[in-house]
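Here's a quick briefing on the model below.

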Amino acid sequence: MARAKIKRGSTTVDMTAMCDVAFLLLTFFILAAKFKPSSAIEVTTPSSVSNKHAPQKDYFNVTINKNNQVFIDMDDGMKEDVLDELAKERNLTFSPADIKAFKQATFVGVPLSQLNQFTRLDADQLKKITLPGVPYDSTNNELQAWITAAVNANLGKKTNFLIKGDDAAKYPTFSAVIDAFKKNDIYKYNLITNAEDVPPGTELYKKNMEGKMSGGTK
Amino acid sequence: MAEMEVKSSGHKKGPGVKKSKKQSTRVDLTPMVDLGFLLITFFIFTTTMSQPTSMNLSMPKDTKNPDDNTKVKESGSLTLMLGKGNVIYYYFGNDPSKMQTTGYKAVRQIILDKKKSTPAEDLFLIIKPDKDATYKNAVDILDEMNIDDISRYAMVDPTPDEYDKIQQTEKSGGVQ
């Protein structure tokens, strides 16, 4: 009886399918990645050893730039309510078009009197003009009014109050921002920072190591 | 690795006819897959790394009644005043005249020495950033509290006397 010849299988695998998958994933990630919006406000944040991620939801962010100007931005979901509260508080009226423009604006960088013109500017126009920032001095503390509006708009819900300051911003500005929060009975803030490693040999480092060790054995 | 699949042809040609080798059209895709996954890994890592972190800060309520203020033992207090040009002025206890100068790197040792020599319940750090301190200075020193595991500290404005003294020191030291 003639035996069937055993065919020697090739050891090479067809890579085409794998290649397809790899590039599909690559395309997906690139397209799905949110590009960092090129902000009109340039801020270099200081670094800290904190490893908590900054909250991305229900946030109300106060940015301080290096010229000690203050800007406000907030979660899209609460914009309309905040503007509503602000209108009540300051006896202002906003038309539906104003509200729509405000919802599309990424941040607030002008006094209330110029708000409607400001929100209608697009990204390119924003880069060309110099923004005055939100006033926070004691005679016309609009920052405080914004915070009050945010608090009232979000009653009963947790709002994360973020402060994002530039390295070169002066302390008195930071202090003024804190004061504006304090006037609204808000005492807890998240300072946006860059992550930094804990220096080895320090108390916190030892504490973290102990935590890890005991966590590992238990 | 390049594949050469030459099929053993079923029918044989005459003895003098040479077999013409059929070149495979397949390309080795292994390096391309490698590259693809390398890029994926790179993108995944870079996107997650850029997420900003946040440092929690809780401030106390302003009290109008002086009796409600936190009492600090003189022996356990260390006051750090943050001045212009990344300089820290510090003094122990209640005597600003013995003010000394240090920087942001060296301050850790001073804090740790104080921590070692003082009972934990008495230790209290008072941070006084003056008008010329930057936001970075304030965050750095708060971070230092975290690093050195100091749980009792407060951030207040310097008194006018202290501010004058810092100004004088800066003038004589030529700090811009």
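From the N terminus on, chain A runs α-β-β-β-α-α-α-α-α-β-α-β-α, which comes to eight helices and five strands (DSSP runs numbered from the N terminus: H or I of at least four residues for helices, E of at least two for strands). Bear in mind that this is a predicted model, where local features need pLDDT of at least 70, side-chain atom pairs count only at pLDDT 80 or more, and totals for chains, interfaces and linings use all residues. Residues are numbered from 1 along each chain as its sequence is written, chains are lettered from A and ligands numbered from 1 in the order written, and side-chain values use heavy atoms, with hydrogens and water left out.

**Overall shape of chain A**
- The radius of gyration is 26 Å, while a compact globule of 218 residues would be near 17 Å (taken over C-alpha atoms; the globule rule is 2.2 Å times the number of residues to the power 0.38).
- Along the principal axes, the C-alpha atoms of chain A fill a box of roughly 105 × 50 × 35 Å.
- Of the 218 residues in chain A, 42% are buried (under 20% relative accessible area; exposed is over 50% and partly exposed in between, with a 1.4 Å probe and protein chains only).
- Take the contacts in chain A between residues at least 6 apart in sequence, and 67% of them join residues at least 24 apart (contact means heavy atoms within 4.5 Å).

- Not counting residues up to four places away in sequence, Phe60(A) touches residues including Trp146(A), Ile147(A) and Ala150(A).

**Two threonines in chain B**
- Thr134(B) sits in the loop between β5 (124-129) and α3 (135-147), and it counts as buried because its relative accessibility is 14%.
- Neighbours within four places aside, Thr134(B) is in contact with Asp167(A), Ala168(A), Ala169(A), Lys170(A) and Tyr171(A).
- Thr169(B) belongs to helix α4 (residues 160-173), and at 24% relative accessibility it counts as partly exposed.
- With neighbours within four places left aside, Thr169(B) is in contact with Tyr89(B) and Met99(B).
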